[in-house]
Amino acid sequence: MAASDPAAPAATPTNPAADAATPTNPAAHAASPTNPAADAAAPTVIVANLHIVYRVRGADAAPRGGVLGRLLPTGRATREVHALRGVSLTAHRGEAVGLIGRNGSGKSTLMRAIAGLLPASGGGVWTSHQASLLGVNAALMPGLTGARNIELGGLAMGLTRAEIAQRAPEISEFAGIGEFISLPMSAYSSGMSARLRFAIAAAVDHDILLIDEALATGDAQFQRRSEERIAELRQQAGTVFLVSHALGSIRATCERTIWLHEGLIRMDGPTDEVIGAYDAWAMDRGIGRTRQLRARAATEERARAQLARERAEGLTAAPFHSYDD
């Protein structure tokens with residue numbers, strides 16, 4: 001669901017001393033390409049010449065011969081993966097910044113670095129407040145009910161029990177999981193879990209909120225509510241980063257978009273311009289057709305879910321037809 005970097009889960013970030021250069025003037029990077037009004041505001045996130053290098057263990061070396069050789073551990077080849085290669089950007093209060101790019105381009109690695117979960121191999125990250133990465137501050141436990149996870153997630157984000165009790169009905173309604181709220185999370189689909197995670201995180205005002213693919217998991221109604229909530233966060237002087245392959249969500253939510261490719265910023269500017277360039281690049285390489293098929297499959301899935309809800313409420317008995325029927 002979340003755009004991810006394949007090397008990241010199985011890798012350990014390295015921090016070579018040779019790469020540990022610290023930018024001497026972070027403010028020099030504090031120019032926004034799309035929002036002149038935001039330039040006058042204090043920056044909330046500064047990423048300056050950021051490098052993230054993973055050291056990954058590869059395949060086993062050639063095994064030794066004989067019984068003893070089979071019992072003794074063999075060596076493993078090690079290689080380095082340069083996930084981010086000198087990324088620099090600045091975000092200001094009130095900005096919503098989209099991040100797009102193919103899987104493995106470094107989007108999730110960048111989010112984790114801004115959240116303080118990955119050390120820099122070179123360069124640095126400065127934030128005005130602790131960034132909240134969606135799904136980290138509101139971690140869900142599959143053995144507990146949705147209601148209990150709302151309570152624990154709220155406590156993890158600093159809410160009191162009274163505040164949680166007051167906001168729990170709104171969180172449940174926002175997530176749209178209905179009677180499943182009283183069932184263990186292990187009974188939820190991945191989409192339901194992601195919606196509840198977003199609903200919990202959105203119940204608190206964040207100075208810096210990082211969202212990784214959460215908006216791609218719901219129906220049109222959930223996406224609209226999510227976009228409205230992000231707009232509220234921006235009005236409250238918050239900064240939002242949104243990672244998504246759903247370019248429609250990026251267009252509806254973000255005025256500025258950054259296109260990452262192979263660990264580098266390929267383009268940073270107004271959303272329509274960046275998405276237009278990304279679409280043209282993808283179509284030239286035959287990637288757009290795959291995305292169109294996925295988007296159509298997602299649309300059909302949402303239509304089936306809507307039909308199931310209407311049937312359950314006795315509103316319709318009409319069959320569903322896919323676009324290929």
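Glutamate 151 is partly exposed, with a relative accessible area of 22%; here buried means under 20% relative accessible area, exposed over 50%, and partly exposed in between, using a 1.4 Å probe and protein chains only. Its partner is arginine 161, and the closest N and O atoms of this salt bridge are 2.2 Å apart. Arginine 161 lies in helix 5 (residues 161-175) and glutamate 151 in helix 4 (residues 146-156), so the pair ties together parts that are ten residues apart in sequence. At 51% relative accessibility, arginine 161 counts as exposed.

A note on the model: it is predicted, so local features need pLDDT of at least 70 and side-chain atom pairs count only at pLDDT 80 or more, while totals for chains, interfaces and linings use all residues. Residues are numbered from 1 along each chain as its sequence is written, and side-chain values use heavy atoms, leaving out hydrogens and water.

The structure holds eight salt bridges, each being a side-chain nitrogen of Lys or Arg within 4 Å of a carboxyl oxygen of Asp or Glu. Here are three of them:

| Pair | N to O distance |
|---|---|
| arginine 161 and glutamate 151 | 2.2 Å |
| arginine 256 and glutamate 95 | 3.3 Å |
| arginine 55 and glutamate 80 | 3.4 Å |

Arginine 256 and glutamate 95 are both buried, and Glu95, Arg256 and Asp268 are linked in a network of salt bridges.

Next, the side chains of arginine 55 and glutamate 80 meet in a salt bridge. Arginine 55 is partly exposed at 43% relative accessibility, and glutamate 80 is also partly exposed, at 48%.

How values were computed: Helix = DSSP H or I, 4+ residues; strand = E, 2+ residues; numbered from the N terminus.
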